[in-house]
There are 2 protein chains.
Amino acid sequence: MTAVSCVFCSGERPAADHKVMDLGATTAYVHDDQFFTGWTVLVLKRHATELFELAPDERALMMDDVARVAAGLHALYRPRKINYECLGNQVPHVHWHIVPRLADDPAPRDAVWTVAHTPRPLAGPALTERVAMLRSRFGG
Amino acid sequence: MTAVSCVFCSGERPAADHKVMDLGATTAYVHDDQFFTGWTVLVLKRHATELFELAPDERALMMDDVARVAAGLHALYRPRKINYECLGNQVPHVHWHIVPRLADDPAPRDAVWTVAHTPRPLAGPALTERVAMLRSRFGG
């Protein structure tokens with residue numbers, strides 16, 4: 001897959017109204033499904049598909065973003081644990097799922113992908129509020 | 001959970017015979033279930049549970065290990081994609097699942113955790129061979 005046909009490079013996804021902010025190497029978005037409250041997606045600003053394609057300095061900068069977002073989510077939600085996942089099975093462009101696993105998590109020992117649930121999308125004021133809240137926590 | 005009660009810190013797990021090698025910040029092991037061929041686990045050498053607990057230099061060193069292992073797996077197996085996951089839902093001590101998704105993967109668009117399968121443990125010569133093969137690829 002080239003950058004030309006990449007839905008992240010084209011701007012088709014993630015949805016612009018889910019954008020939280022630009023970070024150093026990545027852009028942060030509220031994940032479409034907020035069943036796991038606070039689930040944030042970080043998209044690398046340039047097209048790459050594997051972590052070894054990045055120069056060490058670039059990779060370190062990206063991981064500083066990941067850690068900054070995780071620290072913000074931790075301060076906000078006090079999760080039991082945070083999950084960090086860079087998969088790319090559907091969209092290979094490097095991106096991170098950063099998922100706080102809160103105290104009321106229905107399956108705290110399992111990966112989120114195995115947890116059957118009704119998706120919880122946000123829209124309107126609820127989305128605006130979540131975006132603003134996360135921006136205030138990631139911006140410091 | 002303190003380091004004292006941590007199964008990674010105590011040496012209870014991963015099994016010693018699954019150890020591939022020490023890297024800079026982590027130790028590499030063959031994952032118990034090799035249904036996804038090449039699945040490697042990297043365990044941080046010290047006890048920490050979230051990525052923001054690590055100093056930036058330590059985090060960068062850890063991610064250099066992750067990238068080195070991924071590059072080795074890529075050279076060996078030519079996977080369609082590699083998955084990188086730091087979850088900690090069952091053992092919070094920071095560790096990475098690095099999973100090459102090969103051409104014959106039964107569910108290439110899905111996370112490994114959702115793929116029903118009979119576990120494929122290795123033992124005896126098959127384990128020794130896998131360990132040696134990975135060591136030769138990660139050591140360069």
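Select M21(B) and A28(B): M21(B) stands opposite A28(B) in β2(B). The model is predicted, and in it local features need pLDDT of at least 70, side-chain atom pairs count only at pLDDT 80 or more, and totals for chains, interfaces and linings use all residues. Residues are numbered from 1 along each chain as its sequence is written, while chains are lettered from A and ligands numbered from 1 in the order in which they are written.

**Stop 1: the hairpin in chain B**

Now show β1(B) and β2(B) whole. Strands (E, at least two residues) and helices (H or I, at least four) are DSSP runs, numbered from the N terminus. β1(B) and strand β2 (residues 26-30) of chain B run antiparallel and are joined by three bridges. Two strands pair if DSSP finds at least two bridges between them. The two strands form a hairpin, with three residues between them. Another pair to pick out is D22(B) with its bridge partner T27(B) in β2(B).

How many of the five residues of β2(B) are buried? Four of them are, and β2(B) is mostly covered. A residue is buried if 20 or more other C-beta atoms lie within 10 Å of its own, exposed if 12 or fewer, and partly exposed in between, with C-beta atoms placed from the backbone.

**Stop 2: across the sheet in chain B**

Select Y29(B) to find V41(B) of β3(B) opposite.

Next comes β5(B), which pairs with β3(B) over four bridges, again antiparallel. Here V43(B) stands opposite H95(B) in β5(B). Six of the seven residues of β5(B) are buried, so β5(B) is largely enclosed by the rest of the structure.

Go on to β4(B). Five bridges join β4(B) to β5(B), and the two run antiparallel. The bridge partner of Y84(B) in β5(B) is I98(B).

**Stop 3: over the chain boundary**

The bridge partner of C86(A) in β4(B) is Y84(B). β4(A) and strand β4 (residues 81-86) of chain B pair in the antiparallel sense over three bridges.

Now display the strands of both chains. Ten strands form an open sheet, in the order β1(A)-β2(A)-β3(A)-β5(A)-β4(A)-β4(B)-β5(B)-β3(B)-β2(B)-β1(B), with antiparallel pairing. β1 of chain A and β1 (19-22) of chain B stand at the edges, each with a single partner strand, so one side of each is left without a neighbour in the sheet. From one strand to the next, the twist averages 20 degrees.

Strand β1 (residues 19-22) of chain A and strand β2 (residues 26-30) of chain A are antiparallel and joined by three bridges.

**Stop 4: the helices**

Turn to α1(A). This helix lies across β2, β3 (40-44), β4 and β5 (95-101) of chain A, running at about 20 degrees to β5(A). Angles run from 0 to 180 degrees between N-to-C directions, and axes are lines fitted to C-alpha atoms, for helices over the stretch in contact.

α1(A) and helix α1 (residues 56-77) of chain B pack at an angle of about 115 degrees, with their axes 9 Å apart. Among the residues that meet are M63(A) and A67(A) in α1(A), and M63(B) and A67(B) in α1(B). The residues of this contact divide into eight nonpolar, no polar and four charged. Ala, Val, Leu, Ile, Met, Phe, Trp, Tyr, Cys and Pro count as nonpolar, Asp, Glu, Lys and Arg as charged, and the others, Gly among them, as polar.

Then select A75(A), which is found in helix α1 of chain A. Is A75(A) buried or exposed? A75(A) counts as exposed, with 11 C-beta neighbours inside 10 Å. A75(A) and R137(A) are 62 residues apart in sequence and 7.9 Å apart in space, C-alpha to C-alpha.

**Stop 5: the two chains together**

Show both chains. In all, 31 residues of chain A are in contact with 31 residues of chain B, where contact means that C-beta atoms, placed from the backbone, lie within 7 Å. On the side of chain A that touches chain B, α1(A) gives the most, with ten residues. 100% of the interface residues of chain A are also interface residues in chain B, so the copies meet through the same surface.

Last, superpose the chains. A rotation of 180 degrees with 0.0 Å of shift along its axis places chain A on chain B (RMSD 0.0 Å). The two copies are thus related as by a two-fold rotation axis. The superposition is by least squares on the C-alpha atoms of residues with pLDDT of at least 70 in both copies.

Notes: Contact = placed C-beta atoms within 7 Å.
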